[in-house]
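Work through the exercises below with the sequence and the model open. Try each task before reading its solution.

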Amino acid sequence: MPQTPEEKSDPPASPSVIPPIKELVLARDILPERLPLLPIRHRPLFPRMIVPMSIEDEPLKHMIVELVKSQARYLGVVLVRPQTREDMTSVRAADVYTVGVAAEILRTSQLAPDAPIQMMIGMLERFKIERFLRETPTLLAEVRYLAETDMTANDELRAYSVAIINSIKELIQLNPLFKEELNLLLTKVNLNEPGRLADFAAAMTTAGSEELQAVLETVSIRSRLEKALALLKKELDVSRIQIKINQNIEEKLSKQQREFFLREQLKAIKKELGIAKEGKEAELERFQERLKTLTLPPEAAERVREEMDKLGLLDPISPEFNVTRNYLEWLTALPWGVVTPDSFDLDKAARRLNHDHYGLEDVKDRILEFLSVGILKGNVSGSIICFVGPPGVGKTSIGQSIAASIGRKFYRFSLGGMRDEAEIKGHRRTYIGALPGKFIQAMKICKSANPLIMLDEVDKIGASFQGDPASALLEVLDPEQNRDFLDHYLDVRFDLSRVLFVCTANVLDTIPRALLDRMETIKLSGYILEEKLQIARKYLIPKQLKAGGLDKSRIVITNPALREIIDGYAREPGVRGVENHIKKIVRKAAKRIVKRRSTVVTVDADNVEKFLGKRMFSDEDPFQKPRPGVVMGLAWTSLGGDTLYVEATRVEAEKPGFKQTGQLGNVMIESAEIAYTFIRAFLSRRKEIRTFFEKHFIHLHVPAGATPKDGPSAGVTMASALYSLATHRCVEPHLAMTGELTLTGLVMPIGGVKEKTIAAKRAGVTHIVFPSQNRPDFEELPAHIRKGLKPHYAQTFQDIVKVAFPPGQS
């Protein structure tokens, strides 16, 4: 807190500053007209105060030292303008205010040559800078001192002074931080010095530098008193707000402390009355209550008893207490011996499957056969079903239907991208945040030891340095091992043999062989157009209307529109694409209804394009017109069946040659080379054909070139394309073929008959050529898939020639 010059313990050495009382001398008459300037920041200083200061800048330190040596201990203190840079050595004349205070250096000290100078200065008189005499290395200015008039007899100023003193007293009551110092100074200040009172009042506020500088520059005592009083009133308002904020905080803290003490008292009362127990005792009692409803095997019962004894000895604040409590939480939360009764009602299961899924009759029959075996055995455990098929054909929903039909709890999690073995077998309890694996978590969530657990995307499971989850699954999915499944976290064996496992996959190739041997695979091939139409009508449209907040009276989607959507926008094997396009139509219809453009939206084949944009699949077949060297084949992919064309053309050359393009895999390249060699041998008896191959370079291509392709089933298609090119005969229209060709002309069986048949039907094919050994596969297909298709079976390539290139064709 600043002190007035009267309180200085050590009076200044110069007798000219405070002259003998009997000789009155004005300060401006003894203070020098030239003053070295000391720039300061943040707040200006006022006359009649003693202030400690610390000087760190080298030029200013040198200036202070020179002043002390020369006994000229006077300098001017001026405030630096707010926008000036922090470096004091760069301060120039334009950077400082023109009104400051003359000061006398009372005392200096410096601990080391490079240390800051600590000094005490006494503020004397206001001055105004007339002109600057020097700017570097420090400021030197010629100044004029601003004198105050004697106005002690003015009643108006006395009233201002009283108002300021009352405000200061009120401020002391609100903010008692400097109460003693302020009371002491108030006793020193009297009403006969209004200018000094105004300076002191302004200095004790927290006002900004510009407001305080305005008070310093005010020579008129009345105006200075008005400004100081305004600053005091503002300070009082700030203090009142601060007190209000503090009171609110104290009230909240007091309320929280009161609630805490009351809770502690309530705990003590309950404990005395025996109503409640301590935390540890309550936990042990809770675990005991759980165990009454469980049937633990001897190993688990022994482990639980050991852990509960340990918990009773541990202090609740011990880290081991929480670890043990969490472990017991898991052990007692598992459904040891708790099972849900199976509902073996074959008719109910059939009704449920037919209600939830349209078509898939062969899949439903397999599921009902599986359940029939379970009825005879008394349970359906011990088997692992794996549904294999393209996306969107209903693999996951079939698993949910099975669980609902036999009355079991359902739990699903995806194995896609899983790379950590601990996800299957859990983490060891030594790790922070350790948890059991997914299967033990499923048991806890289902609260049953015999749920149906669905393992989605089993073909996309990965492996990394953290382990091989596929290998960890071997123990889980083996009926001979999973009755003693050992989770790393539990470290106690749990019986998983009563769980019904259902897996889903898109392809079987990426599933490890050892894991695949433990599964019973059921293939879902996809849907034809008529099946998709019924699924959309019965399931997808009602579902999307409900999701879109519409009822069937507000939007009408006709059957021709559905056919157009399925054929022109969603030709994939599943129905997910159909659902997405129906969802898009519902959104656009909702927008029209909200904008009141129409009350009922009708979607027909003619306006589907307005809702979905241009068709994604065109009916215009670039190969529709038969041409020599072009044959349609059938292919199987992970997304279902598809059609592909094989093209062959010739280029005259000096020597024969053969090449193939179309991003073909190794197996397909070998099939092309076998087809080329076989056709040359097959037609070698005809001289014109021999000449054709000897004088032409043959190029075989399989569109589309950007799609990788591989597999042996295109062998007969490639051979037929080369035969067509060599003999200049076209294949019968609307005919497709598939089969592997050997070097001697035998047609070998292939897979994916159902998928390829559906793809052929979708492409408008009427004749299909299959290897003769695939006759049973085709005849087992549902009648509605075989309808409209005429199959042909070939044992050798000669049989294909008879069907694809009938006699009499030119």
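**Exercise 1. Determine the handedness of the crossing between helix 18 and helix 19, then describe the packing.**

Solution. Helix 18 passes helix 19 in a right-handed crossing. A crossing is right-handed if the near helix is turned clockwise from the far one by less than a right angle, and left-handed if anticlockwise. Helices here are DSSP runs of H or I with at least four residues, strands are E runs of at least two, and both are numbered from the N terminus.

Next, the geometry. Helix 18 covers residues 529-547 and helix 19 covers residues 559-569. Their packing angle is about 115 degrees, and the axes lie 10 Å apart. Axes are lines fitted to C-alpha atoms, for helices over the stretch in contact, and angles run from 0 to 180 degrees between N-to-C directions.

Now the residues. Helix 18 supplies L529, E530, K532, L533, A536, R537 and I541. Helix 19 answers with N559, L562, R563, I566 and D567. Contact means heavy atoms within 4.5 Å. By class, this contact has six nonpolar, one polar and five charged residues. Nonpolar covers Ala, Val, Leu, Ile, Met, Phe, Trp, Tyr, Cys and Pro; charged covers Asp, Glu, Lys and Arg; the others, Gly among them, are polar.

A note on the source: this is a predicted model, in which local features need pLDDT of at least 70 and side-chain atom pairs count only at pLDDT 80 or more, while totals for chains, interfaces and linings use all residues. Residues are numbered from 1 along each chain as its sequence is written, and side-chain values use heavy atoms, with hydrogens and water left out.

**Exercise 2. Classify the packing of helix 9 with helix 10: roughly parallel or roughly antiparallel?**

Solution. Start with the axes. Those of helix 9 (residues 298-313) and helix 10 (residues 319-333) come within 10 Å and cross at roughly 150 degrees. Helix 9 is therefore roughly antiparallel to helix 10. The classes are: under 35 degrees roughly parallel, over 145 roughly antiparallel, 65 to 115 roughly perpendicular, and the rest oblique.

Then the handedness. Helix 9 passes helix 10 in a left-handed crossing. On the helix 9 side, the contact uses R303, V304, E307, M308, K310 and L311. On the helix 10 side, it uses E320, F321, T324, R325, Y327, L328 and L331. Seven of the contact residues are nonpolar, one is polar and five are charged.

**Exercise 3. Find the angle between helix 22 and helix 28, and list the residues that meet.**

Solution. Helix 22 (residues 666-682) and helix 28 (residues 797-804) pack at about 80 degrees, with axes 13 Å apart. That makes helix 22 roughly perpendicular to helix 28. F678, I679 and F682 of helix 22 meet F797, Q798 and V801 of helix 28. The contact comprises five nonpolar residues, one polar and no charged.

**Exercise 4. Which residues touch the most other members of the largest nonpolar core?**

Solution. They are F439 and I453, in a core of 54 residues. A nonpolar core is a set of buried Ala, Val, Leu, Ile, Met, Phe, Trp, Tyr and Cys residues joined through side-chain atoms within 4.5 Å. Buried means under 20% relative accessible area, exposed over 50%, and partly exposed in between (1.4 Å probe, protein chains only).

Beyond four places in sequence, I453 contacts Y411, F413, F439, A442, M443, V499, L500, F501 and V502. Another core lies apart, with 51 residues, including L360, I402, V502 and I593.

**Exercise 5. Is I406 buried or exposed?**

Solution. Locate I406 in helix 13 (residues 395-406). I406 is buried, at 1% relative accessible area. Leaving out residues up to four places away in sequence, I406 touches P341, D342, S343, L371, V380 and L500. Its C-alpha atom is 6.1 Å from that of F344, 62 residues apart along the chain.
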